[in-house]
Amino acid sequence: THSTDQGANAVTDYSSDATETTQGLGRRPVSPVALDDVFDDPDHGEPGRDRMTVHLVWELVLVLGVAAVGFLAYRDHSELLKGAALKDLLVFAAGLGLVTLGAVLSLRAAVPNLAVGSFAVAAAVFFAINSDRGVTVTMAVAAVAALAAGGVLAIFVVGFHVPSWAATLAAGFAAAVWIQRNSEPVTVEGGYDPSRHAYYLIGGFAAISVVGGLIGSTKAVRRTIGRFRPIEDAAHRRGAMAAMVATAALAGSAVLASVGGSLLGAGADKVTPTTGFEVTALAMGAALAGGTSAFGRRGGVFGTVLAVLLVTMLLRYGQAEGWRLRELGIGAAAMGLGLVMTRLVEALGRPRSGERADEPDSAWLPGSTWSERPDSWPASLPAQPTVGRSNDFWGDDRWSSRGDD
């Protein structure tokens, strides 16, 4: 009973100040930030919140890029930004934006889906063939088929724990085989004209993207979404939560690509069967150029919307100018730019609290002080062994001459 009472008296409140003691020993107060990091997954990356400044600066650059291309388009081909042409541009941007959101979702979850373009074109072809059966039913059937395809992908990526890029690339090949069953362009026979709702469609895409970016900017959500991101051996499984998030991301990216493809099909007079790799290039390029990291987890807020608008306007302006640079070229350029951004996002977006642990030499940089450098020397010198040796280091018999024996 006495020991129980003593243990109960030893329990103190963690919210108390530094003057409180536990069994006579002083205790340092714990800050709320440190307490927050206690509940973080130590194997999931550095503790602390990712820095968003790099994303905000890059999004400002994207704003300037969209304004520059818009100015050129208005100066040289003002008809592109007026009337029916403007509505068609917005519908195309909304459709491509949904496919890009699928790519962003898969990238943020560290399971990149390289089949989003093929899924989008397959949905567009399916919509064109069955558009006379009703818009809602046709899009719903295509979305369900894409959801099933995403589930199959999750079985391979999550169940067998194989690289997502390889599994989704194989799925893209399979979708391309189905697409190429139609060798000729397919006429869209439905009566739905998405240009009537162009402003609602582009507004809906922008709202989903921005709200998702804002939610994804919080520390807990970023860590949860990117939990599948490998941190050591790639064969190491990241747990049940990571598996569920990766499964949802693959299924969600497939559905978003299907809905976006159906919208692209509805906005065209004819759908030309292609492999869909050019759409994958555009979507992945816009996702990476918008600031989403190719390694997973990290991403911006407004970058996806701005990158989609920039890619769409470049496409339309290039077509008006007669450029030979087509979808694959613009997609490749966007992906190249996005890979540079991935390096910047990973280097400049990591938490401050995780820098010194991984980079102990950073204290030697200009502006640092000697006291900031982690001390690698032991607190006390090691004890000198006495067995087989004298206390005098230089008098040890191993330094003596063999001839003295």
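Predicted model: local features only at pLDDT ≥ 70, side-chain atom pairs only at ≥ 80, totals over all residues.
Trainee: How many helices and strands does the protein chain have?

Mentor: The protein chain has 14 helices and four strands.

Trainee: How should I read the packing of two helices, and at what angle do the axes of α4 and α8 cross?

Mentor: In general, axes are lines fitted to C-alpha atoms, for helices over the stretch in contact, and the angles between N-to-C directions run from 0 to 180 degrees. Angles under 35 degrees count as roughly parallel, over 145 as roughly antiparallel, 65 to 115 as roughly perpendicular, and the rest as oblique. Here the axes of α4 and α8 (residues 198-216) come within 8 Å and cross at roughly 25°, which means that α4 is roughly parallel to α8.

Trainee: Which hand does the crossing of α4 and α8 have, and which residues in α4 and α8 meet?

Mentor: A crossing is left-handed if the near helix is turned anticlockwise from the far one by less than a right angle, and right-handed if clockwise; the crossing of α4 and α8 is left-handed. The residues of α4 that take part include L86, L90, L98 and R108, and among their partners in α8 are Y199, I202, F205 and G216. Sorted by class, this contact of α4 with α8 holds 13 nonpolar, three polar and two charged residues, where Ala, Val, Leu, Ile, Met, Phe, Trp, Tyr, Cys and Pro count as nonpolar, Asp, Glu, Lys and Arg as charged, and the others, Gly among them, as polar.

Trainee: At what angle do α4 and α12 pack?

Mentor: The angle between α4 and α12 is about 130°, with their axes 9 Å apart, and α4 and α12 are therefore oblique to each other. Their crossing is right-handed. On the α4 side the contact includes D88, F92, L96 and V104, and on the α12 side it includes T304, V308, L315 and R316; its residues divide into 10 nonpolar, four polar and two charged.

Trainee: At what angle do α5 and α6 pack?

Mentor: That angle is about 150°, with the axes of α5 and α6 10 Å apart, so α5 is roughly antiparallel to α6. The crossing of α5 and α6 is right-handed. F119, A123, F126, F127 and N130 of α5 make the contact with residues of α6, among them V135, M139 and L153, and by class the contact of α5 with α6 has 10 nonpolar, two polar and no charged residues.

Trainee: How far does helix α3 reach from its first C-alpha to its last?

Mentor: The expected span of a helix is 1.5 Å times one less than its number of residues. Helix α3 (residues 53-76) has 24 residues and reaches 35 Å, close to the expected 34 Å.

Trainee: Which residues of α3 are buried?

Mentor: Buried means under 20% relative accessible area, exposed over 50%, and partly exposed in between, using a 1.4 Å probe and protein chains only. In α3 the buried residues include W58, L62, V66 and V69, and the buried residues of α3 pack against α9 (219-225), α11 (277-289), α12 (303-321) and α13 (327-348). Across the protein chain, buried residues make up 41% of the 405 residues.

Trainee: Which value of phi does A110 have?

Mentor: Most residues other than glycine have a negative phi. A110, although it is not a glycine, has a positive phi of about 65°; A110 lies in the loop between α4 (83-108) and α5 (116-130), and its relative accessible area of 15% makes it buried. H161 likewise has a positive phi, near 55°, in the loop between α6 (135-159) and α7 (164-179), and H161 counts as buried at 17% relative accessibility.

Technical notes: Residues numbered from 1 in each chain as written. Heavy atoms only, no water. Contact = heavy atoms within 4.5 Å.
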